[in-house]
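Hi everyone, thanks for coming. Today I'd like to walk you through one protein, from its outline to its inside.

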Amino acid sequence: MAPLDPIVHVRDRIARGEIPGPSMYVAGALLEHAAPAGAEQFRWSVQGVDDARAKVDRLAAARVDIIKLLCVPDMPQEDADAIVAQAHSHGLMVAAHGRTDDEIRKCLKAGVDDLQHLGTLALLPDDIVAMIRERVAQRRLLWTPTVGSPVNYTYLLRDMEMLDDPAWQRGLPEAIVADVRRSLPAIPKLLEVLPMLVARDEAMYRRKFGQLLENGVEILPGTDTGNPGHFHPFGLWIELDTWVNHFGVDPLEALRRATAYSAEVMGVAKDYGTVEPSKFADVIVVRGDPRRHIDVLREPVVVIRHGQRFK
(Lines give C-alpha, C1' and ligand atoms only; values in the text may rest on other atoms or scores of the structure.)
Protein backbone atom coordinates (compact mmCIF):
# COMPACT_ATOMS: atom_id res chain seq x y z
CA MET A 1 0.00 0.00 0.00
CA ALA A 2 1.54 3.26 -1.18
CA PRO A 3 0.87 6.19 -3.54
CA LEU A 4 0.81 4.56 -6.96
CA ASP A 5 3.22 6.55 -9.13
CA PRO A 6 5.98 7.02 -6.51
CA ILE A 7 6.12 3.35 -5.49
CA VAL A 8 6.19 2.12 -9.09
CA HIS A 9 8.92 4.67 -9.84
CA VAL A 10 11.05 3.47 -6.92
CA ARG A 11 10.50 -0.19 -7.82
CA ASP A 12 11.61 0.41 -11.39
CA ARG A 13 14.66 2.49 -10.45
CA ILE A 14 15.84 -0.28 -8.15
CA ALA A 15 15.25 -2.87 -10.88
CA ARG A 16 17.35 -0.82 -13.30
CA GLY A 17 20.15 -0.53 -10.75
CA GLU A 18 19.85 3.25 -10.47
CA ILE A 19 19.35 3.21 -6.69
CA PRO A 20 20.09 0.50 -4.11
CA GLY A 21 17.25 -1.46 -2.62
CA PRO A 22 15.45 -4.80 -2.49
CA SER A 23 13.48 -6.28 -5.36
CA MET A 24 9.99 -4.90 -4.88
CA TYR A 25 6.55 -6.18 -5.78
CA VAL A 26 3.99 -3.44 -5.31
CA ALA A 27 0.25 -2.93 -5.04
CA GLY A 28 0.17 0.84 -5.14
CA ALA A 29 -3.09 2.17 -3.72
CA LEU A 30 -5.42 -0.26 -2.02
CA LEU A 31 -9.11 -0.38 -2.89
CA GLU A 32 -11.88 0.06 -0.34
CA HIS A 33 -15.44 1.30 -0.08
CA ALA A 34 -14.68 4.74 1.38
CA ALA A 35 -11.14 6.00 1.98
CA PRO A 36 -10.61 8.10 5.12
CA ALA A 37 -9.93 11.78 4.66
CA GLY A 38 -6.28 12.50 4.01
CA ALA A 39 -5.47 9.00 2.75
CA GLU A 40 -6.72 9.33 -0.81
CA GLN A 41 -3.26 9.04 -2.36
CA PHE A 42 -2.80 5.47 -1.21
CA ARG A 43 -6.36 4.34 -0.40
CA TRP A 44 -8.86 4.63 -3.25
CA SER A 45 -12.60 4.64 -2.71
CA VAL A 46 -14.68 2.30 -4.87
CA GLN A 47 -18.26 3.26 -5.58
CA GLY A 48 -20.01 0.65 -7.65
CA VAL A 49 -19.05 -2.14 -10.02
CA ASP A 50 -18.04 0.09 -12.93
CA ASP A 51 -15.79 2.16 -10.68
CA ALA A 52 -14.28 -1.02 -9.23
CA ARG A 53 -13.31 -2.24 -12.69
CA ALA A 54 -11.97 1.17 -13.70
CA LYS A 55 -9.78 1.43 -10.59
CA VAL A 56 -8.32 -2.03 -11.21
CA ASP A 57 -7.68 -1.10 -14.85
CA ARG A 58 -5.83 2.02 -13.73
CA LEU A 59 -3.63 0.02 -11.37
CA ALA A 60 -2.96 -2.62 -14.00
CA ALA A 61 -2.01 0.05 -16.53
CA ALA A 62 0.58 1.33 -14.05
CA ARG A 63 2.06 -2.21 -13.98
CA VAL A 64 1.45 -3.08 -10.35
CA ASP A 65 2.35 -6.62 -9.30
CA ILE A 66 -0.72 -7.34 -7.18
CA ILE A 67 -4.06 -5.76 -6.26
CA LYS A 68 -4.74 -5.01 -2.59
CA LEU A 69 -8.35 -4.99 -1.39
CA LEU A 70 -9.40 -3.62 1.98
CA CYS A 71 -12.64 -5.56 2.15
CA VAL A 72 -14.30 -3.86 5.08
CA PRO A 73 -17.87 -4.84 5.94
CA ASP A 74 -19.42 -1.80 4.25
CA MET A 75 -18.16 -2.75 0.76
CA PRO A 76 -20.97 -4.37 -1.24
CA GLN A 77 -20.26 -7.95 -2.24
CA GLU A 78 -20.71 -7.12 -5.91
CA ASP A 79 -17.95 -4.49 -5.74
CA ALA A 80 -15.54 -6.96 -4.16
CA ASP A 81 -16.51 -9.55 -6.78
CA ALA A 82 -15.84 -7.03 -9.57
CA ILE A 83 -12.42 -6.11 -8.19
CA VAL A 84 -11.30 -9.72 -8.05
CA ALA A 85 -12.71 -10.65 -11.46
CA GLN A 86 -11.16 -7.61 -13.14
CA ALA A 87 -7.78 -8.22 -11.49
CA HIS A 88 -7.81 -11.83 -12.62
CA SER A 89 -8.62 -10.70 -16.17
CA HIS A 90 -5.31 -8.80 -16.05
CA GLY A 91 -3.48 -11.82 -14.65
CA LEU A 92 -3.07 -10.14 -11.24
CA MET A 93 -3.56 -11.78 -7.85
CA VAL A 94 -5.70 -10.09 -5.21
CA ALA A 95 -4.70 -9.83 -1.56
CA ALA A 96 -7.29 -8.72 0.99
CA HIS A 97 -7.56 -8.10 4.70
CA GLY A 98 -8.76 -11.02 6.79
CA ARG A 99 -8.81 -9.67 10.34
CA THR A 100 -12.55 -10.04 10.90
CA ASP A 101 -14.94 -12.87 10.14
CA ASP A 102 -17.10 -10.63 7.94
CA GLU A 103 -14.07 -9.65 5.84
CA ILE A 104 -13.03 -13.28 5.45
CA ARG A 105 -16.50 -14.41 4.35
CA LYS A 106 -16.83 -11.63 1.81
CA CYS A 107 -13.33 -12.13 0.42
CA LEU A 108 -13.67 -15.89 0.12
CA LYS A 109 -16.94 -15.43 -1.76
CA ALA A 110 -15.21 -12.94 -4.07
CA GLY A 111 -12.38 -15.38 -4.75
CA VAL A 112 -9.36 -13.45 -3.45
CA ASP A 113 -6.04 -15.22 -3.72
CA ASP A 114 -4.40 -14.20 -0.43
CA LEU A 115 -5.87 -13.16 2.89
CA GLN A 116 -3.65 -10.97 5.06
CA HIS A 117 -3.59 -10.78 8.87
CA LEU A 118 -5.23 -13.09 11.38
CA GLY A 119 -7.63 -11.70 13.95
CA THR A 120 -6.56 -12.16 17.55
CA LEU A 121 -9.90 -12.31 19.37
CA ALA A 122 -11.40 -15.73 18.55
CA LEU A 123 -10.98 -18.92 16.54
CA LEU A 124 -12.29 -19.18 13.00
CA PRO A 125 -15.97 -20.21 13.20
CA ASP A 126 -17.23 -23.43 11.66
CA ASP A 127 -18.83 -21.78 8.62
CA ILE A 128 -15.55 -20.09 7.65
CA VAL A 129 -13.62 -23.33 8.15
CA ALA A 130 -16.13 -24.98 5.79
CA MET A 131 -15.66 -22.17 3.23
CA ILE A 132 -11.88 -22.57 3.46
CA ARG A 133 -12.11 -26.30 2.86
CA GLU A 134 -14.39 -25.79 -0.11
CA ARG A 135 -12.02 -23.23 -1.60
CA VAL A 136 -8.90 -25.35 -1.06
CA ALA A 137 -10.60 -28.26 -2.80
CA GLN A 138 -10.99 -26.04 -5.88
CA ARG A 139 -7.75 -24.04 -5.96
CA ARG A 140 -4.96 -22.78 -3.73
CA LEU A 141 -5.73 -20.36 -0.89
CA LEU A 142 -2.84 -18.26 0.42
CA TRP A 143 -2.80 -16.58 3.82
CA THR A 144 -0.26 -14.09 5.14
CA PRO A 145 -1.18 -14.11 8.83
CA THR A 146 1.26 -11.45 10.18
CA VAL A 147 1.23 -13.05 13.63
CA GLY A 148 4.59 -11.67 14.76
CA SER A 149 3.31 -8.19 15.49
CA PRO A 150 0.37 -9.19 17.75
CA VAL A 151 2.56 -11.61 19.72
CA ASN A 152 5.36 -9.07 20.08
CA TYR A 153 2.90 -6.43 21.30
CA THR A 154 2.23 -8.57 24.37
CA TYR A 155 5.90 -8.01 25.29
CA LEU A 156 5.84 -4.30 24.44
CA LEU A 157 2.93 -3.80 26.81
CA ARG A 158 5.22 -4.94 29.63
CA ASP A 159 8.58 -3.62 28.44
CA MET A 160 9.37 -1.40 25.44
CA GLU A 161 13.15 -1.81 25.73
CA MET A 162 13.53 -3.28 22.23
CA LEU A 163 12.35 0.01 20.73
CA ASP A 164 15.65 1.52 21.88
CA ASP A 165 17.35 -0.52 19.16
CA PRO A 166 19.05 2.00 16.83
CA ALA A 167 18.31 -0.17 13.78
CA TRP A 168 15.00 1.56 13.04
CA GLN A 169 16.73 4.95 13.02
CA ARG A 170 19.21 4.14 10.24
CA GLY A 171 18.95 6.48 7.29
CA LEU A 172 16.22 8.64 8.83
CA PRO A 173 16.62 12.40 9.31
CA GLU A 174 16.97 13.42 12.94
CA ALA A 175 13.67 15.32 12.84
CA ILE A 176 11.79 12.13 11.91
CA VAL A 177 13.63 10.10 14.55
CA ALA A 178 12.69 12.68 17.17
CA ASP A 179 9.07 12.71 16.02
CA VAL A 180 8.83 8.91 16.20
CA ARG A 181 10.44 8.87 19.65
CA ARG A 182 7.82 11.32 20.91
CA SER A 183 5.07 9.00 19.71
CA LEU A 184 6.35 5.82 21.40
CA PRO A 185 4.90 6.45 24.89
CA ALA A 186 1.41 6.39 23.35
CA ILE A 187 1.75 2.76 22.20
CA PRO A 188 0.41 1.05 25.37
CA LYS A 189 -2.70 3.23 25.38
CA LEU A 190 -3.25 2.58 21.67
CA LEU A 191 -3.03 -1.17 22.21
CA GLU A 192 -5.56 -0.96 25.03
CA VAL A 193 -7.98 0.83 22.70
CA LEU A 194 -7.37 -1.58 19.78
CA PRO A 195 -7.40 -5.06 21.36
CA MET A 196 -7.42 -6.79 17.95
CA LEU A 197 -3.77 -5.75 17.53
CA VAL A 198 -2.60 -7.79 20.54
CA ALA A 199 -2.50 -11.59 20.97
CA ARG A 200 -3.47 -11.64 24.64
CA ASP A 201 -4.50 -15.31 24.48
CA GLU A 202 -1.50 -16.82 22.76
CA ALA A 203 -2.71 -20.40 23.16
CA MET A 204 -5.91 -19.56 21.29
CA TYR A 205 -3.95 -17.62 18.68
CA ARG A 206 -1.63 -20.56 18.13
CA ARG A 207 -4.68 -22.78 17.69
CA LYS A 208 -6.12 -20.35 15.14
CA PHE A 209 -2.85 -20.40 13.19
CA GLY A 210 -3.14 -24.18 13.29
CA GLN A 211 -6.65 -23.98 11.82
CA LEU A 212 -5.14 -22.56 8.64
CA LEU A 213 -2.57 -25.33 8.34
CA GLU A 214 -5.01 -28.11 9.21
CA ASN A 215 -7.40 -27.04 6.48
CA GLY A 216 -4.89 -26.84 3.64
CA VAL A 217 -4.16 -23.11 3.58
CA GLU A 218 -0.74 -22.18 2.19
CA ILE A 219 0.81 -19.69 4.62
CA LEU A 220 3.31 -16.98 3.72
CA PRO A 221 5.43 -14.79 6.02
CA GLY A 222 4.42 -11.14 6.10
CA THR A 223 5.48 -8.41 8.46
CA ASP A 224 2.80 -5.69 8.63
CA THR A 225 5.60 -3.28 9.45
CA GLY A 226 4.68 0.36 9.82
CA ASN A 227 2.33 -0.24 12.72
CA PRO A 228 3.26 1.70 15.88
CA GLY A 229 6.47 0.32 17.36
CA HIS A 230 6.70 -2.39 14.71
CA PHE A 231 9.64 -1.14 12.69
CA HIS A 232 10.92 -2.42 9.37
CA PRO A 233 14.25 -3.84 10.63
CA PHE A 234 12.33 -6.02 13.11
CA GLY A 235 9.38 -7.25 11.12
CA LEU A 236 10.56 -10.34 9.23
CA TRP A 237 12.70 -11.92 11.93
CA ILE A 238 9.96 -11.35 14.52
CA GLU A 239 7.43 -13.00 12.20
CA LEU A 240 9.62 -16.04 11.60
CA ASP A 241 10.55 -16.24 15.29
CA THR A 242 6.85 -16.33 16.15
CA TRP A 243 6.20 -19.08 13.61
CA VAL A 244 9.06 -21.21 14.95
CA ASN A 245 9.32 -20.50 18.68
CA HIS A 246 5.67 -19.78 19.47
CA PHE A 247 3.65 -21.71 16.89
CA GLY A 248 5.88 -24.74 16.24
CA VAL A 249 6.68 -24.36 12.54
CA ASP A 250 9.86 -26.19 11.50
CA PRO A 251 12.62 -23.58 11.00
CA LEU A 252 13.59 -24.90 7.57
CA GLU A 253 9.96 -24.77 6.46
CA ALA A 254 9.68 -21.17 7.68
CA LEU A 255 12.82 -20.25 5.72
CA ARG A 256 11.55 -22.04 2.62
CA ARG A 257 8.27 -20.14 2.72
CA ALA A 258 10.10 -16.83 3.12
CA THR A 259 12.28 -17.53 0.07
CA ALA A 260 11.52 -20.28 -2.46
CA TYR A 261 7.77 -20.44 -1.90
CA SER A 262 7.28 -16.68 -1.89
CA ALA A 263 9.17 -16.44 -5.19
CA GLU A 264 6.94 -19.14 -6.68
CA VAL A 265 3.79 -17.36 -5.51
CA MET A 266 4.93 -14.09 -7.12
CA GLY A 267 5.75 -15.89 -10.36
CA VAL A 268 9.49 -15.16 -10.25
CA ALA A 269 10.88 -18.55 -9.20
CA LYS A 270 12.85 -18.75 -12.47
CA ASP A 271 15.17 -16.01 -11.20
CA TYR A 272 14.68 -15.82 -7.43
CA GLY A 273 14.03 -17.79 -4.27
CA THR A 274 16.79 -20.41 -4.19
CA VAL A 275 20.57 -20.47 -4.57
CA GLU A 276 21.36 -22.31 -7.78
CA PRO A 277 22.99 -21.72 -11.19
CA SER A 278 21.28 -19.20 -13.51
CA LYS A 279 19.40 -17.41 -10.71
CA PHE A 280 20.22 -13.98 -9.30
CA ALA A 281 22.69 -14.10 -6.43
CA ASP A 282 20.45 -12.70 -3.68
CA VAL A 283 22.09 -13.92 -0.47
CA ILE A 284 22.43 -12.95 3.17
CA VAL A 285 24.99 -14.38 5.58
CA VAL A 286 24.33 -14.60 9.31
CA ARG A 287 26.37 -15.69 12.31
CA GLY A 288 24.95 -18.98 13.48
CA ASP A 289 22.47 -21.50 12.15
CA PRO A 290 18.91 -20.20 11.63
CA ARG A 291 17.71 -23.80 11.57
CA ARG A 292 18.48 -23.81 15.32
CA HIS A 293 18.19 -20.14 16.25
CA ILE A 294 15.89 -18.42 13.79
CA ASP A 295 16.46 -14.98 15.29
CA VAL A 296 20.05 -14.84 13.99
CA LEU A 297 18.32 -13.43 10.91
CA ARG A 298 18.01 -10.24 12.92
CA GLU A 299 21.52 -9.06 12.02
CA PRO A 300 22.88 -10.16 8.62
CA VAL A 301 26.65 -9.66 8.36
CA VAL A 302 26.68 -9.89 4.55
CA VAL A 303 23.97 -8.73 2.12
CA ILE A 304 24.27 -9.49 -1.61
CA ARG A 305 21.65 -8.51 -4.18
CA HIS A 306 21.97 -9.48 -7.84
CA GLY A 307 25.57 -10.39 -7.19
CA GLN A 308 26.49 -6.98 -5.77
CA ARG A 309 27.56 -6.81 -2.14
CA PHE A 310 25.91 -4.01 -0.17
CA LYS A 311 27.08 -5.05 3.32
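We'll go through the overall build, then the nonpolar cores, and finish with a cavity.

Please keep in mind that this is a predicted model. Let's begin with the overall build. The protein has 12 helices and 10 strands. Along the principal axes, its C-alpha atoms fill a box of roughly 50 × 45 × 45 Å.

Now let's look inside. Which residues of the largest nonpolar core touch the most other members? They are I67, L69, I83, W143 and F234, out of 76 residues in that core. Helix α10, residues 232-246, gives the most to this core, with 6 residues. Apart from it there is another core, of 8 residues, including I66, M93, L220 and Y261.

Let's stay with L69 for a moment. Leaving aside residues up to four places away in sequence, L69 touches L31, M75, A80, I83, V94, A95, A96, H97 and V112.

Last, the cavity. The structure holds 1 cavity of 30 Å³ or more, and the volume of the largest cavity is about 80 Å³. It is lined by 15 residues, and R99, T146, P150, M196 and L197 are the closest to its centre. By class, the lining has 7 nonpolar, 6 polar and 2 charged residues. Helix α6, residues 148-156, gives the most to that lining, with 3 residues.

Note on methods. Residues numbered from 1 in each chain as written. Predicted model: local features only at pLDDT ≥ 70, side-chain atom pairs only at ≥ 80, totals over all residues. Heavy atoms only, no water. 1 Å grid on protein atoms, 1.4 Å probe; cavity = no way out; pocket = protein on both sides within 12 Å on 5 of 7 lines; lining within 4 Å. Points joined across faces, edges and corners; volume = space filled by probe spheres on them. Helix = DSSP H or I, 4+ residues; strand = E, 2+ residues; numbered from the N terminus. Nonpolar A, V, L, I, M, F, W, Y, C, P; charged D, E, K, R; others polar. Core = buried A, V, L, I, M, F, W, Y, C linked by side-chain atoms within 4.5 Å. Buried < 20%, exposed > 50% of the residue type's maximum accessible area, 1.4 Å probe, protein only. Contact = heavy atoms within 4.5 Å.
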